[in-house]
Amino acid sequence: SDMQHPPELIKQMWATMNAAKVDVVSAVKSKRQEESVIREAGARLFYWLFRKSTQIDLESSTDFKLISARARNMYLSLPENHKFFRGLTTWFGFPEKFVSFQPPERAHAVESRWSTAGLVRYALRNLVSFSSLPIRVLGWLGVGTLVFTFLLGVQTLYTKFTGQAVEGFTTVILAILFVGAILMMGLA
């Protein structure tokens with residue numbers, strides 16, 4: 001609707017799909033459009049995290065794709081409630097070709113309807129649903145908490161044996177930390 005994905009590109013995408021006999025033709029931005037420093041930094045951070053956690057590079061990718069019936073059927077068969085189209089069509093591993101385009105300015109100088117908070121929620125949802133990074137982070141946080149609990153336990157025993165400990169308080173804290181660490185590692 002904002003005309004940043006030119007419809008006239010569809011003819012070239014169709015010709016590419018038929019000539020190369022591929023299942024996915026992706027329109028790829030040759031250069032990102034002008035955006036605020038915060039949005040650009042956020043996009044770069046998201047693409048970097050996504051690439052590191054999934055080994056899929058979506059840096060210049062868009063949702064402007066032409067897909068075969070086979071790719072469409074696979075996409076529609078997925079049980080996820082929130083499907084990340086851009087990531088999934090790449091993740092399927094179907095033969096893919098790319099058509100480069102320069103995104104034009106938005107029609108009528110209309111700003112994007114995506115708020116910064118909406119983009120952050122979208123990025124987090126896609127990172128969490130598409131990679132094991134959050135689970136691995138949770139596991140390492142559990143290990144870190146367990147190490148911290150052990151060190152605090154040693155310090156607590158020292159204060160108890162030197163008569164400086166407050167009765168009962170430290171035991172409760174250590175028990176909570178230990179159980180929390182085990183739960184985090186177990187969930188991971």
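**Entry 1: Phe-46.** I started by asking which residues Phe-46 touches, leaving out those up to four places away in sequence. I found Phe-84, Ala-123, Asn-126 and Leu-127. I note here that I am working with a predicted model.

**Entry 2: the largest core.** Next I looked up the largest nonpolar core, which has 17 residues. Phe-46 is among those that touch the most other members. H2 gives the most, with 4 residues.

**Entry 3: helix H7.** I then checked the length of helix H7, residues 169-187. At 1.5 Å a residue, its 19 residues should span 27 Å. The end C-alpha atoms are 27 Å apart, so the length agrees.

Which residues of H7 are buried? I noted Thr-170, Leu-174 and Ala-181. These three cover an arc of only 30° around the axis, so they sit on the same side of H7.

What do the buried residues of H7 pack against? The partner is helix H6 (133-161). On the other side of H7 I found exposed residues: Phe-169, Ile-176, Leu-183, Gly-186 and Leu-187.

**Entry 4: the whole chain.** I counted elements last. There are 7 helices and 3 strands. Along the sequence they follow the pattern α-β-α-β-α-α-β-α-α-α.

Is the chain spread out or compact? Its radius of gyration is 25 Å, whereas the globule rule gives 16 Å for 188 residues. The value is well over the rule, so the chain is more spread out than a compact globule. I also looked up the extent of the C-alpha trace, which spans about 80 × 35 × 25 Å along its principal axes.

Entry 5: Of the 188 residues, 30% count as buried. The accessible surface comes to about 12,500 Å². Carbon and sulfur atoms account for 66% of that surface. Among contacts with a separation of 6 or more, 77% join residues 24 or more positions apart.

Methods. Residues are numbered from 1 along each chain as its sequence is written. This is a predicted model: local features need pLDDT of at least 70, side-chain atom pairs count only at pLDDT 80 or more; totals for chains, interfaces and linings use all residues. Side-chain values use heavy atoms; hydrogens and water are left out. Helices (H or I, at least four residues) and strands (E, at least two) are DSSP runs, numbered from the N terminus. The expected span of a helix is 1.5 Å times one less than its number of residues. Buried means under 20% relative accessible area, exposed over 50%, partly exposed in between (1.4 Å probe, protein chains only). The arc is that of the directions from the helix axis to the C-beta atoms. Contact means heavy atoms within 4.5 Å. A nonpolar core is a set of buried Ala, Val, Leu, Ile, Met, Phe, Trp, Tyr and Cys residues joined through side-chain atoms within 4.5 Å. The radius of gyration is taken over C-alpha atoms; the globule rule is 2.2 Å times the number of residues to the power 0.38. Accessible areas come from the Shrake-Rupley method with a 1.4 Å probe; for residues, only the protein chains shown count as cover.
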